[in-house]
Amino acid sequence: MDTKNPDAITEMANPVVPPASGEALHVGEDDLPFVDLGDGTRIQLLQVDLSQGLWVLRTKFAPGYQVATHYHTGPVFAVTFTGKWYYKEYPGVVNTAGSYLFEPAGSVHTLMVPDTNEEETDVWFAIYGPNVNTDETGQVTGILDAATILNVYRSMCDAQGLSYDKLIVIGEGL
């Protein structure tokens, strides 16, 4: 693009916006429950897009919690609301309230929450593709994807008599 051309500058300032395809969907902070996984974490599933393999959730980690070593087959985006956490592989990079983290696909890591935290660590994640857990030799020990987390969340809500009516689910039944 020739940025010396005034028409080119006008084109940049007036992007083409596609027509709306539906209404925006809103989930309030208290519209969906946090379910206790019984391992030191509580999750609030916000959205699942089965056609893209996307799952969006908030996770609250107890002090001292450690996630199994894993990698993702797609990118992951994270925002920390409270507490702090880091990857065992990168102990000098600590996520605290207000931190944003991008994980490229294939990044192997072990999420750790310091046992010195005085509060839960609350993190929002948008995850594309499966979470692949591995052991110390790199062998796969488990896989968690959008469809599985959707089933787990709904089952746990049902067992506890909690509503997930506001959960955004795209691509179900396709």
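Is Thr 69 buried, partly exposed or exposed, and what is its relative accessible area? Thr 69 is partly exposed, with a relative accessible area of 22%, where buried means under 20%, exposed over 50% and partly exposed in between, using a 1.4 Å probe and protein chains only.

**View 1. The whole predicted model.** This is a predicted model, in which local features need pLDDT of at least 70 and side-chain atom pairs count only at pLDDT 80 or more, while totals for chains, interfaces and linings use all residues. Residues are numbered from 1 along each chain as its sequence is written, and side-chain values use heavy atoms, with hydrogens and water left out. The protein has 2 helices and 13 strands, taken as DSSP runs numbered from the N terminus (helices H or I, at least four residues; strands E, at least two). Of its 174 residues, 37% count as buried.

**View 2. Thr 69 and its surroundings.** Thr 69 lies in the loop between strand 3 and strand 4 (70–72). Beyond its neighbours within four places in sequence, its contacts (heavy atoms within 4.5 Å) include Glu 89, Val 108 and Asn 133. The side chains of Thr 69 and Thr 110 are joined by a polar contact of 2.6 Å, that is, a pair of N or O atoms within 3.5 Å, one able to donate a hydrogen and the other to accept it, with residues adjacent in sequence counting only if both atoms are side-chain atoms. Although Thr 69 and Thr 134 are 65 residues apart in sequence, their C-alpha atoms are 5.7 Å apart in space.

**View 3. Thr 59 in strand 3.** Thr 59 belongs to strand 3 (residues 54–61) and is buried, with a relative accessible area of 7%.
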